[in-house]
Amino acid sequence: MNRKQQKVIEYLLEENQILKQQFESTGKKLRLDNHQRRNLAKRGKAMGWAQLQKYATLVRPETILGWHRKLIALKYTGKRVVKTDRQERMEVVRELCVKFAEENLGWGYGRIQGALSNLGYKVSMTTVGNILRAKGIIPSPERGKQSNWTEHGSVEMVYRRCARRDVNAGAPWAA
């Protein structure tokens with residue numbers, strides 16, 4: 001390794017240390033998705049324990065090698081996607097949110113969240129809103145405005161209501 005490469009590595013290490021200090025000072029955790037974990041695990045395993053001790057700054061070497069062990073376990077068990085209880089529970093919550101929103105046009109995020117709470121699912125109104133937006137369901141004030149004839153009865157019933165209004169409009173006491 002030449003001097004330029006060593007200086008680049010030192011710069012990147014210092015940059016990572018600063019990033020880590022900022023996360024620690026704000027009290028926030030670094031959130032990595034599965035793809036990022038997989039990439040770190042592959043590169044970390046290739047580096048080995050000694051180099052990980054020296055260069056890993058954002059995540060502990062034990063964590064990186066633990067992710068690699070999980071990847072290896074997935075490879076040999078034939079199970080590619082790990083489903084946790086939380087993921088299964090959120091699928092149920094998503095289905096209920098969509099069902100409540102479609103069946104009850106006047107219900108807003110708070111009402112749906114309250115109904116879920118009554119069923120034992122503790123979620124925030126923001127979560128309900130995120131779920132509905134992801135499914136393409138608009139908020140309740142607009143949802144109630146966009147209706148079709150089949151939701152409110154047949155066209156024949158609407159025709160009768162209009163005819164009744166016309167008859168009442170012609171009555172002498174209506175003036």
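Biologist: Is leucine 19 buried, exposed or partly exposed?

Modeller: Leucine 19 is partly exposed, with a relative accessible area of 34%; buried means under 20%, exposed over 50% and partly exposed in between, with a 1.4 Å probe and protein chains only. Leucine 19 belongs to helix α1, residues 3–26. Helices are DSSP runs of H or I with at least four residues, numbered from the N terminus. This is a predicted model, in which local features need pLDDT of at least 70, side-chain atom pairs count only at pLDDT 80 or more, and totals for chains, interfaces and linings use all residues. Residues are numbered from 1 along each chain as its sequence is written, and side-chain values use heavy atoms, without hydrogens and water.

Biologist: How is the packing of α5 and α7 described?

Modeller: Two packed helices are described by the angle and the distance between their axes. Here the axes of α5 (residues 85–103) and α7 (residues 125–134) come within 10 Å and cross at roughly 75°. Axes are lines fitted to C-alpha atoms, for helices over the stretch in contact, with angles from 0 to 180 degrees between N-to-C directions. The two helices, α5 and α7, are therefore roughly perpendicular, a term for 65 to 115 degrees.

Biologist: Which residues does cysteine 97 touch?

Modeller: Leaving out residues up to four places away in sequence, cysteine 97 touches Ile112, Leu116, Val128, Ile131 and Leu132; contact means heavy atoms within 4.5 Å.

Biologist: Where do α5 and α7 meet?

Modeller: Met90, Val93, Arg94, Cys97, Val98 and Ala101 of α5 meet Thr127, Val128, Ile131 and Leu132 of α7.

How values were computed: Angles under 35 degrees count as roughly parallel, over 145 as roughly antiparallel, 65 to 115 as roughly perpendicular and the rest as oblique.
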